[in-house]
Amino acid sequence: MPATLHVNGLTVRREPQLVLDAVSFIAAPRHRIGLVGPNGVGKSTLLGALAGLVEIESGTVKLQPNDALVGWLPQETERRPGETVVAFLVRRCGVDVADAELQAAAAALASASPGAEDRYSDALERWLLVGAADFEARTAEIWHGLGLAERLLTAPMASLSGGEAARAGLCALILSRYDLYLLDEPTNDLDLDGLDRLERWVSELDAAVVVVSHDRTFLANVVTDVVELDEFSRRANWFAGGWESYLEERSILRRHDQERFEEYDTKRRGLQSRAERERNWATQGVAKAKRKPTDGDKSARQFKINQTEQLAGRAARTQKAMERLDVVTPPRESWQLRLSVGSPGRSGDVVARLSGVVVDHGAFVLGPIDLEIGFGERIAVLGANGSGKSTLIETILGRTNVREGDRQLGPSVVIGEIGQARRQLHGSETFLRDFTDVTGLSISEARTLVAKFGLGADHVLRPTQTFSPGERTRAALALLMANGANCLVLDEPTNHLDLPAIEQLEAALAEFNGTVILVSHDRTLLATVAMTRTIRLADGRIVVDHAV
């Protein structure tokens, strides 16, 4: 039965920082709430608090009914050592817990323990509610519908590619039967077919959904309401009416805020200027009046003194009028990524060439591939999960063993990369040490640069592996800017970036005059960035290669 979530005054603190302050909203059945805000504002923390996994300082999180089942999808697919895919699905859908409780309740019933009948009845009801009775049959049907090989069900989760793991997560979602869903970046690594399936599944749910996503097309197609977390106040603002309505209303609110401040500032400046003039006139008038008048007229002298005293009184009244103004503070500007990728110079005409290349990647075979990439081309590499996109990128970069054919990287090619796994910075030292080792920058130069990417003093002395997904992506972008490149290789670059940063990335790509090889399922990004060529893969082969 779909549940209603009531969040009232929820406050979370991670000393000494206030993360969330008095956040309140309601998620009712069939409400699909998009939770937005810049990286680091507390979106994942809020989902964790709603799931009961993050300690709250004050406020309440209540479900009606209070025994409703809550499903939480974390930002990164959890791959436990030794866990098979089917075990992952069982765990993610809550079947393992329900099954264990049912067996324990059955044992208690057999031993005639006090209260065993009620316990067994409750356990059986929960077992049925999570869909355990027909779980195996539904798994086979959905798994096949997602185009995944049956053999993968018994494979370790750790052996799956990013796309396969994403579809395993999607399978778990479709299989699950929860009363409320908390989804953290569910679109990451999904191909276009997977995105379509996810959108249809979310749109058809009777349950309430609270979703964090950077995918603008997904948000536009799915959400009914938007909750925006403010990075300065740490509070939540509610916008009803869907994504486009939110964008329009937010724009209007920001314009009105600016207009209110400008109106206040104009009044304040006018009164301040008038008060200063009146004080100056009064001061000058008193000085002149007190000097001995040339005509000896004492009454005229006193009249002038009275006038200047009146001017002084007017100045005081103007000052009080200025103090009575309702103070309006200027709208605060959010931090914005300012990304520009400098080129170290033009590469040769041929950036990369693959001739009859065949690559074995486990059971998957890429090729044979014949491909030539010229300088200045902007290539979108498309295809379903598992079609070989990332393997093709790794092959172009020389990171795979070629079984057949010839691979060449052109002269003077300088690669700038954002990899799917964000693995360029992965040492055990601090991020600052990693960054200076890779870039050759001095400590002060590195600190200055990474600060432009929102990585401050609290980041640079932490190990890189402790970074959040969004922080790792911003670190990779900082690397691009530090090293320069004449060939950008971007594998799902928008994963984990917030919306303003994605827009800055789009602007930087528009200005870049080198070669771009882009793997992405971000439909808005693909529509915004002008590409010159599209390559589509299927089953390890190039099936489409044409100029745009």
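Visitor: How many helices and strands are there in the protein, and what makes a run count as one or the other?

Guide: The protein has 17 helices and 18 strands. Both are DSSP runs numbered from the N terminus: a helix is a run of H or I with at least four residues, and a strand a run of E with at least two. This is a predicted model, in which local features need pLDDT of at least 70 and side-chain atom pairs count only at pLDDT 80 or more, while totals for chains, interfaces and linings use all residues. Residues are numbered from 1 along each chain as its sequence is written, and side-chain values use heavy atoms, with hydrogens and water left out.

Visitor: Why is T436 called buried?

Guide: Buried means under 20% relative accessible area, exposed means over 50%, and partly exposed lies in between (1.4 Å probe, protein chains only). T436 has a relative accessible area of 14%, and therefore counts as buried. It lies in helix α12, residues 431-439. Leaving aside residues up to four places away in sequence, T436 touches L441, S442, I443 and A446, a contact being heavy atoms within 4.5 Å. In the protein as a whole, buried residues make up 46% of the 548 residues.

Visitor: Why is A51 called partly exposed?

Guide: The relative accessibility of A51 is 27%, so A51 is classed as partly exposed. A51 is placed in the loop between α1 (43-50) and β4 (58-64).

Visitor: Which residues does A51 touch beyond those up to four places away in sequence?

Guide: A51 touches W72 and L182. L182 is 131 residues away along the chain, yet the C-alpha atoms of A51 and L182 are separated by 7.6 Å. Across the protein, 70% of contacts between residues at least 6 apart in sequence join residues at least 24 apart.

Visitor: What makes D206 and R30 a salt bridge?

Guide: A salt bridge requires a side-chain nitrogen of Lys or Arg within 4 Å of a carboxyl oxygen of Asp or Glu. The closest N and O atoms of D206 and R30 are 3.0 Å apart, and the pair forms a salt bridge. The two residues are 176 residues apart, with D206 in the loop between α7 (192-204) and β7 (208-212) and R30 in the loop between β2 (17-27) and β3 (32-36). D206 is partly exposed because its relative accessibility is 47%; R30 is partly exposed because its value is 37%. A search of the whole structure finds 21 salt bridges.

Visitor: How do you know that D360 and R403 form a salt bridge, and why does the pair tie together parts apart in sequence?

Guide: The closest N and O atoms of D360 and R403 are 2.6 Å apart, and the pair forms a salt bridge. D360 lies in strand β10 (residues 350-361) and R403 in strand β13 (residues 402-409), so the pair ties together parts 43 residues apart in sequence. At 38% relative accessible area, D360 is partly exposed, and R403 is partly exposed at 45%.

Visitor: Why is D118 called exposed?

Guide: D118 has 58% relative accessibility, and so it counts as exposed. D118 is found in helix α4, residues 116-129.
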